[in-house]
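Hi,

Here is the structure I promised to pass on. Have it open while you read, and my notes follow below.

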Amino acid sequence: MTSQQSQFGAGALAGMRVLDVSQVMAGPFCCMMLGDMGADVIKVEPPQGGDQTRRAMGFKLKGDDSLGFLNMNRNKRSITIDLKSDEGREIFYALARTADVIVENYRPGTMKKLGIDYDTISKINPGIIYASISGFGQSGPWADRPGFDLIAQAATGVMSITGHPGGPPAKSGVPVTDIGCSLFALYAILTAYIGRQKSGEGQHIDASLYDAGIAFAVWDICEYWGTGNVPERIGTANRMAAPYQAVEASDGYFVFGANNDRLYRRLCEVIGRPDLLDNPDYATNALRMANREALIGALEKSFVQWTRAECVDMLLAVGIPAGPINDYAEALENEHARERDVVMKIDHPIEGEVNSIGFPVRLSGTPQQVRRPPPLLGEHTAEILAELGIKPAAAQ
C-alpha cells in the first residue's frame, strides 16, 4: 500500500456520507461512482419494491434484483423508509444531519411535498450539498415534464441528427442524456464539496438530462450557429472532416478516419488509388466534405477487395486510425478488454459471482474499490438506524 492509499484508507472520499434518494440510472450511477471512491452511500428506498430498477429488464436472475440494478448500485447500503409518513420523515431528517450529500431524481416539486427539499434540509444541515436530477431542470416551462432519456434525446435535438440521411430519426443506442447528466452531477457535487471546505456552506445543484444533451451537441450546434442551417442526419460521417466514417469491406463494415491531407494521401497510396489523390474534387478537406458521398463510394470499390480485418490492419500499419465495429460480445471479450478490466466479478449473497462493468477511470494513488456488493432491499435498515440511535420499531 502506498502512502497515499494509507492516507485515504478506503478511498479518496472516505468520510463523505451520501444519501441516494434516486432510482433507475442517472442518480444511482452518480452515487455509485461516489461510493467507488470511498463515500458511505446510503440508498434510501421505499419499503414496497424499492428502486424500480430492481424489477427491470426482461430476464430473471436467481433473486428479485435485475442485473441492471446490480450494475448501478455497488458500494451502497440500503435502508427502507416510508417518506410519506411522519415517522419516515423524522428518520430521514436524522440521516440528513449526518450527511454531506443528498442526490434525488424525483419530478420537481415532489421533495417539497414530502418535506425533504433543499430549503427544508439546509435548515437542518447548512452544509448539505443537495443535487436534484430531473429531465428538464428545476425551473422553466418544461420543468414538470417526465425525465426519461428518450424524451430528453428528442427535445435536445440529439435524435434529429442521429440516423442516416433520408431515414427516420433514431435514438442513440446508449442513454447519453442519463449518463451525461450523471457525470455532470458528479462533477458539480465534487466541486461543491471542495468549495465547502473553504466556505463551510453547502448548496443546491440543479442537473438535468436536457442540459446534458445540449452540452454534448457542440459540433452540431456550432454548425447551426455558424451557417444558419439546421444540421441533418449524416449517419456515421463527421461534420468536421472526410473521409471519417463507417465503410463497407467484403465481409461487413469497419470505421476509419483519414481526416487531414496527410492521412488522406497515405490512404490513397496504401489502397493503390492515385486517381483519388489527383482528383481536384478531393484536393482539400472542404472539397472532400462537399463531395463526401462520391468519395466514399469510390473508396468502397477498393475496400471490398479485402475483409474488415485486412482493411483495419492495412490502415493502422500506415498510421491511419481504423477499427472494427464490434458487437458487445466482441467488445467485452478480447485481450484489450481483459487487460483493461472492463468486466469485473462481484460476489453477491444471492446471485453468487456476477459480472459488473469495471471502473471507467483509473487512479494510481487512490484506486476505486468494491467494498460492498449491491444491497438487498432494506438490507442495512437495522444497522443504519442503530448508528442513528433509533430503535427499529420507530421506523415502522
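I'll begin with a pair of helices. On the α2 side, A26, F29, C30, M33 and L34 make contact with D178, I179, S182, L183, A185, L186, I189 and L190 of α8. Sorted by class, that α2–α8 contact has eleven nonpolar residues, one polar and one charged. Do bear in mind that this is a predicted model.

As for the geometry, two packed helices are described by the angle between their axes and the distance between the axes. For α2 (residues 26-36) and α8 (residues 176-199), the axes come within 8 Å and cross at roughly 45 degrees. That angle makes α2 oblique to α8. The crossing of α2 past α8 is right-handed.

There is a second pair to look at, α7 and α9. Helix α7 covers residues 149-156 and helix α9 residues 209-216; they pack at about 50 degrees with their axes 9 Å apart. So α7 is oblique to α9 as well. Their crossing is right-handed. From α7, the residues involved are D149, A152, A155 and T156, and they meet L209, Y210, G213 and I214 of α9. By class, the contact of α7 with α9 divides into five nonpolar, two polar and one charged.

Stepping back to the whole protein: it has 18 helices and eleven strands. Of its 396 residues, 44% count as buried. The C-alpha atoms fill a box of roughly 80 × 45 × 45 Å along the principal axes. If you take the contacts with a sequence separation of 6 or more, 69% of them are between residues 24 or more positions apart.

G63 and I350 are 287 residues apart in sequence, yet their C-alpha atoms are 6.3 Å apart. Leaving out residues up to four places away in sequence, G63 touches I350 and E351. You'll find G63 in the loop between β2 (40-45) and α3. Its relative accessible area is 11%, so G63 is buried.

Now the one I'd zoom in on: what does the side chain of N75 reach? A polar atom of that side chain lies 2.8 Å from the backbone oxygen of Q369. The backbone nitrogen of R371 is 2.6 Å from a polar atom of the N75 side chain. N75 is in the loop between α3 (67-70) and β3 (76-80). Is N75 buried or exposed? Its relative accessibility is 1%, so N75 counts as buried. Setting aside neighbours within four places in sequence, N75 is in contact with G35, D36 and V41, and also with Q369, V370, R371, R372 and P373.

H380 belongs to the loop between β11 (352-357) and α18 (381-388). With a relative accessible area of 8%, H380 is buried too. Not counting residues up to four places away in sequence, H380 touches K76, R77 and S78, along with R372 and P375.

Most residues other than glycine have a negative phi, and most peptide bonds are trans. Here are the exceptions I noted:

- V24 is a residue other than glycine with a positive phi, near 70 degrees. V24 is in the loop between β1 (17-21) and α2. At a relative accessible area of 36%, V24 is partly exposed.
- D341 has a positive phi too, near 55 degrees. D341 is in the loop between α17 (335-339) and β10 (343-348). Its relative accessibility is 49%, so D341 counts as partly exposed, the cut-off for exposed being over 50%.
- The peptide bond from A242 to P243 is cis, with omega near 0 degrees. P243 is in the loop between α10 (218-227) and β7 (244-249).

Cheers

Conventions
Residues are numbered from 1 along each chain as its sequence is written. Side-chain values use heavy atoms; hydrogens and water are left out. Helices (H or I, at least four residues) and strands (E, at least two) are DSSP runs, numbered from the N terminus. Buried means under 20% relative accessible area, exposed over 50%, partly exposed in between (1.4 Å probe, protein chains only). A polar contact is a pair of N or O atoms within 3.5 Å; within protein, one must be able to donate a hydrogen and the other to accept it, and residues adjacent in sequence count only if both atoms are side-chain atoms. Contact means heavy atoms within 4.5 Å. Axes are lines fitted to C-alpha atoms, for helices over the stretch in contact, and angles run from 0 to 180 degrees between N-to-C directions. Angles under 35 degrees count as roughly parallel, over 145 as roughly antiparallel, 65 to 115 as roughly perpendicular and the rest as oblique. A crossing is left-handed if the near helix is turned anticlockwise from the far one by less than a right angle, and right-handed if clockwise. Ala, Val, Leu, Ile, Met, Phe, Trp, Tyr, Cys and Pro count as nonpolar, Asp, Glu, Lys and Arg as charged, and the others, Gly among them, as polar.
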